[in-house]
Amino acid sequence: MTRVRIGALLTVSLCGAALAGQASAHHSIQAQFDINKHITVSGTVARVEFINPHSYLTVNVKDADGKVTRWAFEMAAAGQLRRAGLSRADRGGLKAGDEVTVIALAARDGSNSGLLQELKVADGREFKFTPDPNGN
Amino acid sequence: MRLTASSRIIAAAAALCLLSAAVLAQESSQPRRTTNAPPKPSGPTPRTADGRPDLTGVWNALGDNLNGIPNQIANNGLAIESDRSTRDLHSGRQVATFPRNTTRPQNNEQAERAAALLRRVGSNRPVYKPEYWEMVKNFDHNANEEDPSNNCMPAGIPRAGIPSYIGQMPTYLIFIYPGQGGLIATQTMYRMIPTDGRTHTPLQEIDGSYTGEAIGHWEGDTLVVDSWGFNSNTWFDQIGGYFHSENMHVIERFRREGNTLTWTATVHDPDVLLEPWTTTPRVALLNARPNALLPESLPCSERDLSHIVTKEHH
């Protein structure tokens with residue numbers, strides 16, 4: 001179990017900007033996520049999973065009262081993640097406990113989940129992703 | 001059930017985003033393609049010691065993504081030939097395509113809906129018995145819940161299309177279909193297909209399976225794979241809710257010319273179809289790297305469908 005090392009900040013912001021890039025997946029993006037609503041979630045990495053049909057980043061988020069909730073973020077296709085170096089912690093990827101801020105499209109069902117658009121690591125690294133319909 | 005292509009305008013709008021999607025898919029390791037038209041063969045056709053065309057190879061050079069899946073987008077029976085035209089490969093009809101806008105990115109909503117509509121323009125559709133028309137329509141409409149191959153289950157035959165790897169031995173072939181995470185979410189499938197002259201087990205004696213009982217033989221330079229003994233848990237085309245019975249009988253034909261492999265599948269299912277249906281030919285391109293290997297496919301763990309809130313789908 002990953003220990004939560006920081007008090008995490010959870011903010012939700014609305015954003016009307018249109019998204020750039022091509023989007024498709026085994027499911028309709030807009031059937032699951034609000035393409036006009038971005039959320040910003042900060043916490044610590046619980047795990048990164050390279051899986052089909054979508055890889056996932058799980059983040060532990062601590063609220064002001066110290067209660068930890070778990071957020072799940074659908075990520076870009078594995079090829080993009082690999083090219084970004086995210087498949088190995090010792091090659092610039094993530095490891096459990098890393099402090100991160102995620103900017104994501106909000107889940108339309110209100111669950112603690114989203115479609116990851118940007119990833120900011122506490123050490124200053126930033127990643128941006130757009131979905132690819134062919135799994136690249 | 002024959003579905004009409006209702007809107008050329010929509011198709012044209014859709015084509016431009018599908019084109020950019022197809023191009024994007026090539027970026028990792030392949031030269032940038034400007035169309036998804038079937039490739040023309042080049043180079044010699046290798047032959048085995050017994051004189052047959054040798055189909056052995058990694059056949060993922062069109063999609064060539066890290067999961068090793070042959071190009072899915074070019075396989076919808078529509079060839080986007082330029083920024084301005086798309087051709088229905090079945091009817092030969094040309095569909096006007098809006099000029100591709102490369103200066104202003106489309107947002108997800110536009111791109112996704114346009115691509116989904118374009119996939120539905122293809123004219124090559126199976127013809128169901130009238131009593132099943134409503135069922136097919138409902139499956140398609142509710143595909144988020146109903147699509148049997150979108151929740152890490154096998155795509156089945158012939159929906160899996162062209163295998164990403166073929167190994168040809170003197171008396172059998174091995175086909176490998178890596179799990180897909182693009183337009184559908186499937187688990188990896190493999191088939192061992194004998195070409196030793198054996199005949200099918202009587203249908204009623206076979207336990208239904210996702211890949212059926214497959215037996216291969218050669219008709220000239222064409223490999224014919226004859227399969228039956230399926231379960232009824234798969235659909236047989238990429239979209240449309242095209243279910244089948246466990247009496248489905250599938251005839252696939254593979255023909256290698258140079259560095260291309262052309263595939264068709266004919267679905268015989270008199271329980272539900274009025275007539276046999278044949279896919280529009282698909283063409284895979286050999287991975288040109290002489291040391292090409294099929295990478296491990298990712299495990300499949302589907303976590304999204306329970307969060308879907310609308311009927312929208314591909």
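Two strands pair if DSSP finds at least two bridges between them. Helices (H or I, at least four residues) and strands (E, at least two) are DSSP runs, numbered from the N terminus.

This is a predicted model: local features need pLDDT of at least 70, side-chain atom pairs count only at pLDDT 80 or more, and totals for chains, interfaces and linings use all residues. Residues are numbered from 1 along each chain as its sequence is written, and chains are lettered from A and ligands numbered from 1 in written order.

**Stop 1: chain A hairpins**

Select β2(A), residues 33-49, and β3(A), residues 56-62. The two strands form a hairpin, with 6 residues between them. They run antiparallel, joined by 5 bridges. Pick A:Glu49; its bridge partner in β3(A) is A:Tyr56.

A:Lys62 has A:Val68 as its bridge partner in β4(A). This hairpin has 5 residues between the strands, and A:Gly66 takes a positive phi near 90° there.

**Stop 2: an open sheet in chain B**

Select β1, β5, β6 and β7 of chain B. They make an open sheet of 4 strands in the order β1-β5-β6-β7, with antiparallel pairing. β1 (57-58) and β7 (189-194) stand at the edges; each has a single partner strand, so one side of each lacks a neighbour in the sheet. Zoom in on β1(B) and β5(B), which pair over 2 bridges. Here B:Val58 stands opposite B:Tyr165.

**Stop 3: the cores**

A nonpolar core is a set of buried Ala, Val, Leu, Ile, Met, Phe, Trp, Tyr and Cys residues joined through C-beta atoms within 7 Å. Buried means 20 or more other C-beta atoms within 10 Å of a residue's own; exposed means 12 or fewer, partly exposed in between, with C-beta atoms placed from the backbone.

The largest core has 45 residues. Start from B:Trp59, B:Ile166 and B:Ile193, which are among those with the most contacts inside it. β11(B) gives the most to this core, with 4 residues.

Contact means C-beta atoms, placed from the backbone, within 7 Å. Beyond four places in sequence, B:Ile193 touches residues including B:Tyr172, B:Phe175 and B:Val225.

A second, separate core has 31 residues, including A:Phe73 and A:Val102.

**Stop 4: B:Ser245**

Finish in the loop between β9 (222-228) and β10 (249-257) of chain B, where B:Ser245 lies. B:Ser245 is partly exposed because 14 other C-beta atoms lie within 10 Å. Outside four places in sequence, B:Ser245 contacts B:Ser232, B:Asp269, B:Asp271 and B:Val272.

Note on methods
Two residues are in contact if their C-beta atoms, placed from the backbone, lie within 7 Å.
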